[in-house]
Amino acid sequence: MITVLRCAVLALLFSAGVGAETIAPAQEPAPVAAKTVQPVVKAPSVVKPAAAKVPLTFPPGSGVLHIPLAAGKKPLEVFTYQPVGADETTPVVMVMTGVDRNAATYRNDWMTVADQYHLRVVVPHFSEQDFPGAAGYNLGNLTDSKTHRRLPKSQWAFSIVDNLFTTLQKQGVTTQKQYYLFGNSAGCQFVHRMLTLLPEPNVKAAVCAAAGWWTLPDTDQHWPYGLREAPVAVSQQQLNDYFAKPVLIAVGADDDDPENHLLRKSKQAMAQGANRLERAESYFTTSQQRAEQNNTPFNWHFMDLSDVGHSGSKMSVFAAGQFAWFEQHNAFHL
């Protein structure tokens with residue numbers, strides 16, 4: 001019995017030793033791999049495409065366009081009208097307002113006659129704020145009102161009108177090669193100076209009505225009553241081109257009030273005549289004489305309208321009829 005127990009104990013001790021030898025030794029923890037820093041790849045910035053320019057369209061009926069000018073300048077407000085059935089082939093009339101710069105009123109005055117004669121009407125609004133005083137409008141914004149230095153040609157009000165028509169051409173709004181130009185009172189001051197000072201304007205024919213005073217097309221008088229020391233040099237060829245262009249100088253036969261409060265009374269203006277009727281006659285006669293002296297064609301005409309005083313609306317009706325006739329006959333209806 002003791003022998004059996006001894007054998008059992010020896011067997012237990014033997015099995016325990018074997019078990020101890022077969023247990024795997026504890027493993028050391030594996031080294032931690034260095035953390036790889038992945039480069040941050042930024043998504044490419046998305047460049048937004050420039051907003052597409054909205055094609056310029058001529059509003060049906062009465063409307064308003066806003067035409068961009070030079071950088072930093074407000075767009076030019078332009079009042080328009082076109083009759084039913086008008087399209088890109090319809091003749092275009094640029095209308096220059098009087099001293100009140102009331103473009104909407106002038107546009108409205110033209111609506112009935114535009115329907116009658118099938119004309120497209122464009123009336124730029126040269127506001128007092130952006131084109132201050134007579135220098136900014138009547139004299140074409142040739143010089144800075146503060147420094148009195150000549151402005152770049154692109155900022156002249158004369159150039160803006162001509163460039164406006166070019167914009168309409170480039171945008172496909174009109175296929176007309178030239179436009180008709182009308183101005184009454186201060187607008188006539190604008191028109192005749194534009195035709196004098198702006199080289200080769202795209203004007204087919206012009207009606208200039210009832211200016212309060214004029215810039216004579218010679219150097220006998222100082223600017224702005226003549227061209228001596230004018231901000232812009234005018235060549236003789238440029239004057240010859242002006243004299244050859246179809247221009248109708250118009251004035252009401254009753255526009256003869258020497259006391260009109262808007263009539264300039266300076267010595268130089270009074271030398272042109274005591275009232276608008278006399279001054280229009282003087283401007284026409286002086287221009288005709290200059291053309292004859294230079295042996296150049298003179299394609300101007302003069303008309304005084306009976307029973308008409310100083311009236312922008314009546315002159316608008318008259319001018320519309322003249323342009324319609326000119327479109328058919330290549331001449332004014334005299």
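Which residues form one aromatic cluster? I put this to the model, which is a predicted one. I found the cluster to consist of Trp214, Tyr242, Phe243, Tyr283, Phe284, Phe298, Trp300 and Phe302.

**Entry 1: aromatic pairs**

I looked up the number of aromatic pairs and recorded 20. I then examined the pair of phenylalanine 165 and tyrosine 179, which is tilted, with 4.9 Å from centre to centre and 50° between the planes. Phenylalanine 165 belongs to helix α4 (residues 157-170) and tyrosine 179 to strand β5 (residues 179-184), so this pair ties together parts that are 14 residues apart in sequence. I noted that phenylalanine 165 and tyrosine 179 are both buried.

Phenylalanine 243 is in helix α6 (residues 236-244), while phenylalanine 298 is in the loop between α8 (276-293) and β8 (300-305). The pair links distant parts of the chain, 55 residues apart.

Phenylalanine 298, with a relative accessible area of 23%, is partly exposed, as the cut-off for buried is under 20%.

**Entry 2: helix α6**

I listed the buried residues of α6 as Gln238, Leu239, Asn240, Tyr242 and Phe243. What covers them? I found that the cover includes α5 (186-197), β7 (247-252), α8 and β8.

Within this helix I looked at asparagine 240. Its relative accessible area is 15%, and I therefore recorded asparagine 240 as buried. Setting aside residues up to four places away in sequence, asparagine 240 touches Asn294 and Thr296.

**Entry 3: proline 224**

Where does proline 224 lie? I located proline 224 in the loop between β6 (203-209) and α6. Proline 224 has a relative accessible area of 16% and is therefore buried. Apart from neighbours within four places in sequence, proline 224 is in contact with Leu139, Arg193, Trp213, Trp214 and Thr215. Another of them, Trp214, is a member of the aromatic cluster.

**Entry 4: helices α4 and α5**

I asked at what angle α4 and α5 pack, and noted about 85°, with the axes 10 Å apart. The two helices are therefore roughly perpendicular to each other. From α4 the contact draws on Ala157, Phe158, Val161 and Asp162, and from α5 on Phe190, Arg193, Met194 and Leu197. By class I recorded six nonpolar, no polar and two charged residues. Arg193, part of this contact, also touches proline 224.

**Entry 5: helices α2 and α9**

I turned to helix α2 (residues 103-117) and helix α9 (residues 312-329), whose axes come within 9 Å and cross at roughly 30°. They are therefore roughly parallel to each other, and α2 passes α9 in a right-handed crossing. On the side of α2, I listed Tyr106, Asp109, Trp110, Val113 and Tyr117. These meet residues of α9, among them Gly312, Ser316, Val317, Ala320 and Phe323. By class, the contact of α2 with α9 has nine nonpolar, four polar and one charged residues.

Note on methods: Residues are numbered from 1 along each chain as its sequence is written. This is a predicted model: local features need pLDDT of at least 70, side-chain atom pairs count only at pLDDT 80 or more; totals for chains, interfaces and linings use all residues. Side-chain values use heavy atoms; hydrogens and water are left out. Axes are lines fitted to C-alpha atoms, for helices over the stretch in contact, and angles run from 0 to 180 degrees between N-to-C directions. Helices (H or I, at least four residues) and strands (E, at least two) are DSSP runs, numbered from the N terminus. Angles under 35 degrees count as roughly parallel, over 145 as roughly antiparallel, 65 to 115 as roughly perpendicular and the rest as oblique. A crossing is left-handed if the near helix is turned anticlockwise from the far one by less than a right angle, and right-handed if clockwise. Contact means heavy atoms within 4.5 Å. Ala, Val, Leu, Ile, Met, Phe, Trp, Tyr, Cys and Pro count as nonpolar, Asp, Glu, Lys and Arg as charged, and the others, Gly among them, as polar. Rings of Phe, Tyr and Trp (its six-membered ring) pair if their centres lie within 6.5 Å; planes under 30 degrees apart count as stacked, over 60 as edge-to-face and the rest as tilted. Buried means under 20% relative accessible area, exposed over 50%, partly exposed in between (1.4 Å probe, protein chains only).
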